[in-house]
Amino acid sequence: MQAGELITTDQQGRSGNEADIQLAYDVLEEVMDPEVPVVSVMDLGIVRDVSWANGHLNVVVTPTYSGCPATEYIETSIRDALHEAGFSHPKVLQRLDPAWTTDWITEQGRNRLKAYGIAPPVGSSNKRSLLSGVTQVECPNCGSDDTEQLSEFGSTACKSLYRCKSCLEPFDYFKCI
Amino acid sequence: MTKYDELTEFLLRLGDSSLIHAQRLCEWTGRAPALEEEMGMMNVGLDLVGQARNWYEYAAERINDGTDADALAFRRDERAFRNLLLVEQPNGDFAVTMTKQFFFDAWQFHLLTLLKDAKDERIAAIAAKSLKEVTYHLRRSSQWVERLGDGTEESHQRMEKAIDVLWRFTFELVEKSDTELALSESGSIPALTELPEQWRATVNEVFAKATLTVPDAPSTFYLSARTGMHSEHLGILLAEMQFLQRAYPDASW
């Protein structure tokens, strides 16, 4: 139990009803990924559960990659944002199973990635597509399918580096896992 | 109660192998043959450090004497490390690094595929998560082995040399272990009897495409990471990796 949990009351006197949970979700919609600041933690699909227990809010988060350096930062951002919204001692819990998959990125998240210049993951994360690799990635800049992979790994663990052969622009592709 | 038992040993073997391999990959920072490859190696290393942390956190909870993942990584001596001999070997040239990566990736891939169905839920969860990352690693290293083996005369020769340097350490990837046998008998992990054959099959398949010859089965020798008898290279690696935490305990920034 964290310090202050027993006697600190919720600043807004929240009781964990449906409206409070909804408010928490609204707050989470505004917590952005530090490396791709246009997508929220909700867009990424890493928030797995929001619930109320013993007078406090619990948020369950599934990390994207094992070694993602943003994991702790994201957890702190979530806590800070919720605290700011009046939740006292919100808890962020980590859950590994089931493992995060790019299939959980929302439609809105995919559109935002694309608008930001990052090609969203193509297809589903089944084993076959992982092993054989992606065949066709659409250029987020000009929409051409005539692209090639420059490097299996890009600027962060979750991306690989591509180049468009039509507009000649290099771009990041969000890998499918 | 302190549980430094067979399961903990097994967790350390997984964590140590990932961490030491990642540390070796870091040595390429600033000197990889191409920027893309440097990013690739650092990304793979990052995944492995994350995986090591997951295994260490579980191990630390079981040991339960106040230790934590950091202490396991930075405050144990050479003889306490359980990593594969293979991963502590020096990087050599790019051919040695990629061959080492490929042997390790193939081992991890098949091992994690088995472990993701472990009855121990924590092991199953970490394995399933890691497997997604390792699948990418294996794809990349297989492609490099193929490209270098079936490349120029020089790249082919360098690959043959690399295999010659590393092959003898692969006995650990295919040997039977009492620890793992006991763990599978007690039901916490699945039987790993298929692992040696699966590893060999992947090596055979990729080497065939790479026009490389698979050497005869390696024989066991007196070194064994299972007992902490490492090659001379691990101590030097640890001296560098652990320096900061040894000199300034609990330093943080």
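Glu205(B) counts as partly exposed, at 48% relative accessibility (buried means under 20% relative accessible area, exposed over 50% and partly exposed in between, with a 1.4 Å probe and protein chains only). The model is predicted: local features need pLDDT of at least 70 and side-chain atom pairs count only at pLDDT 80 or more, while totals for chains, interfaces and linings use all residues. Residues are numbered from 1 along each chain as its sequence is written, chains are lettered from A and ligands numbered from 1 in the order in which they are written, and side-chain values use heavy atoms, with hydrogens and water left out.

The side chain of Glu205(B) meets that of Lys209(B) in a salt bridge, 3.9 Å from N to O (a side-chain nitrogen of Lys or Arg within 4 Å of a carboxyl oxygen of Asp or Glu). Both residues belong to helix 10 (residues 195–209) of chain B and are four residues apart, about one turn of the helix; helices (H or I, at least four residues) and strands (E, at least two) are DSSP runs numbered from the N terminus. Lys209(B) is also partly exposed, at 44% relative accessible area.

Over all chains, the count of salt bridges is 23. One of them joins Asp250(B) and Arg75(B), at 3.0 Å from N to O. Asp250(B) lies in the segment after helix 12 (243–247) of chain B and Arg75(B) in the loop between helix 3 (69–74) and helix 4 (85–88) of chain B, so this pair ties together parts that are 175 residues apart in sequence. Asp250(B) is exposed, with 61% relative accessibility, and Arg75(B) is partly exposed, with 36%. A salt bridge is also formed by Lys116(B) and Asp117(B), at 3.9 Å from N to O. Here Lys116(B) is partly exposed at 34% and Asp117(B) exposed at 57%.

Between the chains, 25 residues of chain B are in contact with 30 residues of chain A (contact means heavy atoms within 4.5 Å). The two chains bury about 2400 Å² between them, 60% of it on carbon and sulfur atoms; buried area is the accessible area (1.4 Å probe) that two parts lose on being put together, summed over both. In chain B, the residues that lose the most area to chain A are Lys129(B), Lys132(B) and Tyr136(B), together 30% of what that side buries. Two salt bridges cross the interface. Arg139(B) forms a salt bridge with Glu152(A), with the closest N and O atoms 2.5 Å apart. Helix 2 (35–63) and helix 6 (121–149) of chain B are the elements giving two or more residues to the side of chain B that touches chain A. Helix 6 of chain B supplies the largest share of that side, 13 residues.

In chain A, Arg110(A) is placed in helix 4 (residues 107–116). Arg110(A) is buried yet has no salt bridge, and the nearest side chain of opposite charge, Glu107(A), is 4.9 Å away; Lys and Arg count as positive and Asp and Glu as negative, whereas His and the chain ends are not counted. Leaving aside neighbours within four places in sequence, Arg110(A) is in contact with Thr102(A), Asp103(A), Ile105(A), Pro120(A) and Pro121(A). A polar atom of the Arg110(A) side chain lies 3.1 Å from the backbone oxygen of Ile105(A).

Terms used
Polar contact = N/O pair within 3.5 Å; in protein donor to acceptor, adjacent residues only side chain to side chain.
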